[in-house]
Amino acid sequence: MASRINTDFTLIPKHKYRRSNRRSSYISNNNLDSDSQPLSALGNFKALPLEVFQIILRYLSVKDISMLSMVSKTISQHIINYISTSSGSKRFLLQDFHNIELPGRKKDSVMLEHYRFLGLLFKRCTLLLPTKERLKYIHKILAEVSCFKFSGCVAPMQCLGFSCYGMFLQTLTAGWDELECHRVYNFLCEMTTLSRKMQTIVLSKPGSARKLELRIRLFCRNVLLDHWPHRSDSAFWLTRILKPWPMVNQARLLYIIFGPVAPQDGQVLWHKMTDEPTDESSMRGLADAIKLLYDTRIKEWTADDVISLVDELSVVPREWLLENNAHLLLLSGNNICFTFMASKAVNGRTIELARLIVFLALVCEKELYCMDWAVQMMHKVCKVFNTQVERGNFLQNVANAFACVIMEMLHTVMSGDHDEEERNFLNLFHLVHAQANFHKEVLYLTMNTLST
């Protein structure tokens with residue numbers, strides 16, 4: 001068979017171009033070949049096929065890839081494209097959130113560290129995009145992970161997904177201004193219908209939606225609040241959660257997010273504060289949250305707002321035992337405790353205030369705090385009253401309150417059943433000792449004042 005002559009190749013010119021013609025021809029060819037432009041931004045990688053470039057990425061750590069993404073816009077775009085591939089998704093979106101077989105829970109720290117660097121990678125890759133577009137792209141990628149979804153995990157108590165998501169989010173948004181962070185929170189609310197879910201639990205009977213309460217607690221704590229190194233950042237996100245709601249609903253949300261829970265299933269213990277004196281571990285989360293809002297002085301919160309929140313919290317779901325109320329105030333710190341008590345003094349609620357001091361003394365006795373603290377707090381509150389007569393009446397109310405509370409506890413011991421008798425008697429025992437130590441510190445204070 002005769003061979004065909006290939007006429008598709010480019011003919012060699014028979015004469016030389018002048019310098020000016022060669023230059024114009026080069027410019028013309030460059031304009032026509034648009035695909036060659038991005039390759040110039042790849043530097044030494046421009047000679048590699050895209051598949052080889054992606055193979056190289058497999059040998060780099062997530063931290064190294066995030067550094068590489070800053071070399072040029074083109075490389076960053078290639079990395080973004082690689083993340084979207086099945087192999088890239090498998091490489092970056094680790095989902096071993098339930099396997100904690102390694103000793104000392106080292107697996108947890110490895111996973112959290114991975115998602116911290118992944119947050120840094122996405123932060124750098126999407127740097128040039130508007131905030132809204134960045135969030136949409138990131139959500140599209142992360143939506144592949146079921147444990148990142150609000151109700152995606154069947155065992156949320158044993159899952160590290162929300163914590164990894166929170167570490168990713170913290171790294172991504174670190175350094176963003178408040179307006180952008182507002183947009184992030186609004187975007188998350190929109191994607192998870194978080195506001196509607198919160199509305200359900202604050203308007204329903206406490207404990208009637210236990211699974212939803214648990215997921216809201218885990219999402220707010222692990223995704224929005226727990227990973228910030230600075231208290232002001234945590235206060236910002238807690239403010240975003242609470243401020244859209246009336247004060248009574250804020251107190252309910254605060255209890256759901258930071259209140260005591262059952263260690264087995266994480267269910268909120270709604271009657272823990274109303275039925276019996278509570279240990280310090282059950283109070284610590286609430287006290288830390290209150291201090292966070294009070295101490296960081298975020299503009300949305302005044303001292304009166306925080307005190308009102310504490311007052312509202314003490315009746316969730318109904319009125320607490322006064323001992324638990326006193327314990328929360330003690331853990332919340334001197335400033336909050338004094339401001340709360342001073343507000344009662346100013347409003348003429350001296351009998352309530354006197355009983356509160358009795359239970360502050362009882363908590364100091366039971367938890368081995370210095371009784372001098374309770375006496376000094378009473379002494380400071382005395383100065384809030386304008387006249388000597390008011391101070392005298394207040395001190396008389398404190399003495400009467402000790403006597404009344406002792407008689408109440410004695411009556412409880414005598415009328416209680418056998419199972420509660422020992423506990424009630426022990427509480428009475430602590431109160432009698434608290435009264436003795438409290439009055440001893442009062443005498444010390446009086447003698448020191450007289451001697452000076």
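Which residues are buried in α12? In this predicted model, they are E213, L214, R215, I216, R217, L218, F219, C220, N222, V223, L224 and L225.

Let's stay with this helix for a moment. Since 12 of the 16 residues of α12 are buried, the helix is largely enclosed by the rest of the structure. Its buried residues pack against α9 (161–173), α10 (178–192), α11 (194–203), α13 (231–242) and α14 (247–258). The length of α12 (residues 210–225) also makes sense: at 1.5 Å a residue it should span 22 Å, and its end C-alpha atoms are 21 Å apart, which agrees.

Next, take a look at the largest pocket, which holds about 530 Å³ of space. Of the 19 residues that line this pocket, P277, L321, E323, M409 and N427 are the closest to its centre. Helices α18 (322–332), α20 (350–366), α22 (388–415) and α23 (418–451) each supply at least two residues of the lining, and α23 gives the largest share, six residues. Here is the lining of the largest pocket by class:

| Class | Residues in the lining |
|---|---|
| Nonpolar | seven residues |
| Polar | four residues |

Is S332 buried or exposed? S332 counts as buried because its relative accessibility is 4%, under the 20% cut-off. The S332 side chain reaches the backbone oxygen of L328 at 2.7 Å. Leaving aside neighbours within four places in sequence, S332 is in contact with A287, I290 and K291.

Conventions: Residues numbered from 1 in each chain as written. Predicted model: local features only at pLDDT ≥ 70, side-chain atom pairs only at ≥ 80, totals over all residues. Heavy atoms only, no water. 1 Å grid on protein atoms, 1.4 Å probe; cavity = no way out; pocket = protein on both sides within 12 Å on 5 of 7 lines; lining within 4 Å. Points joined across faces, edges and corners; volume = space filled by probe spheres on them. Helix = DSSP H or I, 4+ residues; strand = E, 2+ residues; numbered from the N terminus. Nonpolar A, V, L, I, M, F, W, Y, C, P; charged D, E, K, R; others polar. Buried < 20%, exposed > 50% of the residue type's maximum accessible area, 1.4 Å probe, protein only. Polar contact = N/O pair within 3.5 Å; in protein donor to acceptor, adjacent residues only side chain to side chain. Contact = heavy atoms within 4.5 Å. Expected span 1.5 Å × (residues − 1).
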